[in-house]
Amino acid sequence: LGGEPTPDLAAFQAAFRRQAQVGRLMNVEFRRTAGGEMHAVTGVLVEERRKELFTNLPPMATVEDLAAVVADRSAVELVARAGFSEADEDMSGFITAQEFARAMKLWLSSGLVGFLSNEELMEIFNTADVDRSGMLVQSEFPAVIEDLFNRIIVHFRPRKRRSMGVRRADSSP
């Protein structure tokens, strides 16, 4: 399979998994010979996978930049695609919790995301993992970006003092 010898089923399955991870599997047919043996006939196209390059990302260096991204759905989608591509280290189409934590710490400037604990990052991950598979897929990632950016915005925006309607004793009427 794909140039690898596959003398038995275990070797075939191992080669099959490697090919599926390396490239795109085109077809697999199983045929029974006249003698009753099963043979797999494969057509495998092995392509080098490359990470998509994103050159048109919006700025994300300040809290104001992040707020602008969150306010624009198309910007959220673009940032989510870039973030997913960056986090998907093995290009499997899934992001594990470990890939996610590493990418978020590296991807955003440490000044903006540095205050988030690993527990908070895992909370974001688990909230977005709606099917509870332990992995994120591309369609779950915009929610990650919105949650992450909103937490950063809330953390760094100055808090306004709220008046409780109580006058100080030294204030005049």
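Visitor: How many aromatic pairs does the count come to?
Guide: The count comes to 3 aromatic pairs in this predicted model. One of them is formed by phenylalanine 84 and phenylalanine 141.

Visitor: What is the geometry of the pair of phenylalanine 84 and phenylalanine 141, in distance and angle?
Guide: The two rings are 5.6 Å apart, centre to centre, with 80° between the planes, an edge-to-face arrangement.

Visitor: Which helices does that pair link?
Guide: Phenylalanine 84 lies in helix α3 and phenylalanine 141 in helix α7. The two residues are 57 residues apart, so the pair links distant parts of the chain.

Visitor: What about phenylalanine 100 and phenylalanine 125: how are their rings arranged?
Guide: That aromatic pair is tilted, with 5.6 Å from centre to centre and 50° between the planes. Here too distant parts of the chain are linked, as phenylalanine 100 belongs to helix α4 and phenylalanine 125 to helix α6, 25 residues apart. Both phenylalanine 100 and phenylalanine 125 are buried.

Visitor: Which residues do the ring pairs link into a cluster?
Guide: The cluster consists of Phe84, Phe100, Phe125 and Phe141.

Visitor: Back to phenylalanine 141. What is it in contact with, leaving aside neighbours within four places in sequence?
Guide: Its contacts are Ala80, Gly83, Phe84, Ile95, Phe100, Met104 and Leu136.

Visitor: Now the core. How many residues has the largest nonpolar core, and which have the most contacts inside it?
Guide: That core has 29 residues, and those with the most contacts inside it are Phe100, Leu136, Phe141, Leu148 and Phe149. Two or more residues come from each of α2 (63-71), α3 (73-87), α4 (97-107), α6 (118-128) and α7.

Visitor: Which element gives the largest share?
Guide: Helix α7 does, with 7 residues.

Visitor: Tell me about α7, then. How far does it reach?
Guide: Helix α7 covers residues 141-156, 16 residues in total, and reaches 23 Å from its first C-alpha to its last. That is close to the 22 Å expected at 1.5 Å a residue.

Visitor: Which of its residues are buried?
Guide: In α7 the buried residues are Phe141, Pro142, Val144, Ile145, Leu148, Phe149, Ile152 and Ile153. They lie on the same side of α7 because they cover an arc of only 155° around the axis.

Visitor: A change of topic: the backbone. Which phi does methionine 91 have, and where is it found?
Guide: Methionine 91 has a positive phi of about 55° although it is not a glycine. Most residues other than glycine have a negative phi. Methionine 91 sits in the loop between α3 and β3 (95-96) and is partly exposed, with a relative accessible area of 26%.

Visitor: And arginine 132: what is its phi, and is it buried or exposed?
Guide: Arginine 132 also has a positive phi of about 55° without being a glycine. The residue is found in the loop between α6 and β4 (135-136), and at 58% relative accessibility it counts as exposed.

Visitor: Lastly, the whole chain. How many helices and strands are there?
Guide: The chain has 7 helices and 4 strands. From the N terminus on, they run α-β-β-α-α-β-α-α-α-β-α.

Visitor: And what share of the residues is buried?
Guide: Of the 173 residues in the chain, 29% are buried. The chain exposes about 11,500 Å², of which carbon and sulfur atoms supply 54%.

Notes
Residues numbered from 1 in each chain as written. Predicted model: local features only at pLDDT ≥ 70, side-chain atom pairs only at ≥ 80, totals over all residues. Heavy atoms only, no water. Expected span 1.5 Å × (residues − 1). Buried < 20%, exposed > 50% of the residue type's maximum accessible area, 1.4 Å probe, protein only. Arc of directions from axis to C-beta. Core = buried A, V, L, I, M, F, W, Y, C linked by side-chain atoms within 4.5 Å. Contact = heavy atoms within 4.5 Å. Phe/Tyr/Trp six-rings, centres within 6.5 Å; stacked < 30°, edge-to-face > 60°. Areas by Shrake-Rupley, 256 points an atom, 1.4 Å probe, with all protein chains shown as cover.
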